[in-house]
Amino acid sequence: MWSGRFEGASSELLQKFNASLEVDRALFRQDIQGSIAHASMLAKCKIISKDELRSIIEGLRRIEDEIESGVFEFRLEDEDIHMAVEKRLGQIIDPSISGKLHTARSRNDQVATDFKLFVRQSHRELIALLKNLMKTLINHAKEHKTSIMPSFTHLQHAQPVSFAFYVLAYAFMFQRDVLRLENSLALLDECPLGSCACAGTSYESDRELSASLLGFARPAANAMDAVSDRDFALDLLYDIAVIFTHTSRLCEEMILFSSAEFGFISISDSFSTGSSIMPQKKNPDVCELIRGKTGRVYGNLIALLTTMKALPLAYNKDMQEDKEGLFDSVKTAKDSLTILNAMLQEMRIHKENMLKACQKGHLLATDLADYLVREKKIPFREAHFIVGRVVAEADRRGVDLSEIENLSAIDPIFDDKAMRCLSFEHSLNAKQSSGSSSIKSVEAQIQALDAFLNAH
């Protein structure tokens, strides 16, 4: 396609090294979609005739059918999906017509357009999967507003919360992931098509029409930027990396909470594996795999950042490395979000074990200190010190703070009213601030997330 200026044939080594067909053939639908939009624009601008447009579209549709049915022959010497489609089009229809398709465009803007179309679709698919995951977590929250468990800081027992409050923390993380993807979608809503190699075209084209036909808000404002921009790919890779930060944290806690040491949850047999030697084992492999794949998607982000960091304008062959890592991250994210959601839907929650775990670690100490501040009007630091002595006495007796029967015997500042603070239910609902662990606040959080999903 490009060898008119050359006298010798390309080395077979170069053909193999230079070709991207094995990777970018995944963009065949986007390539055909972009070519149909481009041909339609050419016809509208009277650069090609309506009959030529009809012939080109019929040929492109046939190629799409051939690829989908598996009969299309991909050849290494075609180099990439764009040349493979163009070459086949010249075999199906009159080459004098097919050859006009590339008028007023270059492979540079064609590649950028195809890739953007794929990235845009990937955003939408990931948003849908994240919403499904949010719904699953919200359903658990609705069922477990009064299921009390310990919260943790430094992986040490902190304060009593509900399981609903706990899973909602992740629901809000995934809400931010949805918003982040939506923000990235807005940023990529510019069409590169018609920018050509780097400087635009001398033909009287209509880039607004091309952009509209492909569902973009507008054409890219600067042709040189349009063909060299891969911010949209970096944005998606970053968004996926943050998603995996959240899923990996959740999976780590599912691994911990399903262990014999915690026993808060059980992962169903459908999403567990066994051991080749230990008959009793039930391993949380789904969670471990997602946790492990996090490093992989981080690596794909760093790889493209490194590729792009010192490239001169406009297009450079280095940018051929933009797709493989992104395709991998998108597939990894879609597969992981799908199986994580299915696993969480079948997860069983053991309320009794969570409540029993609350009887360790003196979870009610802060409530007792708050009581002294509120009722006895003493400074919090003094209250902190007093309750610290109570905790030390409980440790000496070998009991949890919640098991103390007479606080006044330890310090006369406490009265019978203070004993109400030694209730996990009281602690849960004593919180007054918005976003807190009280049932009232949890219900408001559920309503907010439901409203978000309904509005989206």
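**Chatting through a predicted model**

Q: Which helix is Ser336 found in?
A: Ser336 sits in helix α13. Helices here are DSSP runs of H or I with at least four residues, strands are E runs of at least two, and both are numbered from the N terminus.

Q: What kind of model is this?
A: It's a predicted model: local features need pLDDT of at least 70, side-chain atom pairs count only at pLDDT 80 or more, and totals for chains, interfaces and linings use all residues. Residues are numbered from 1 along each chain as its sequence is written, and side-chain values use heavy atoms, with hydrogens and water left out.

Q: Back to Ser336, why does it count as buried?
A: Because its relative accessibility is 6%. Buried means under 20% relative accessible area, exposed is over 50%, and partly exposed is in between (1.4 Å probe, protein chains only).

Q: What does Ser336 touch, leaving out residues up to four places away in sequence?
A: Phe244, Ile290 and Lys293. Contact means heavy atoms within 4.5 Å.

Q: And which backbone oxygen lies 2.7 Å from a polar atom of its side chain?
A: That of Thr332. A polar contact is a pair of N or O atoms within 3.5 Å; within protein, one must be able to donate a hydrogen and the other to accept it, and residues adjacent in sequence count only if both atoms are side-chain atoms.

Q: New topic: where is the cis peptide bond?
A: Between Leu313 and Ala314, with omega about 10 degrees. Ala314 is in the loop between α12 (285–308) and α13 (322–346).

Q: What's the phi of Cys196?
A: Near 65 degrees, positive in a residue other than glycine. Cys196 is in the loop between β3 (190–191) and α9 (207–213), and it counts as buried because its relative accessibility is 8%.

Q: Which residue caps the N-terminal end of α5?
A: Asp80, with a side-chain oxygen 3.1 Å from the backbone nitrogen of His82. Buried residues of α5 include His82, Met83 and Leu89.

Q: What do the buried residues of α5 pack against?
A: α2 (21–24), α3 (28–44), α4 (50–69), α6 (95–98) and α7 (107–143).
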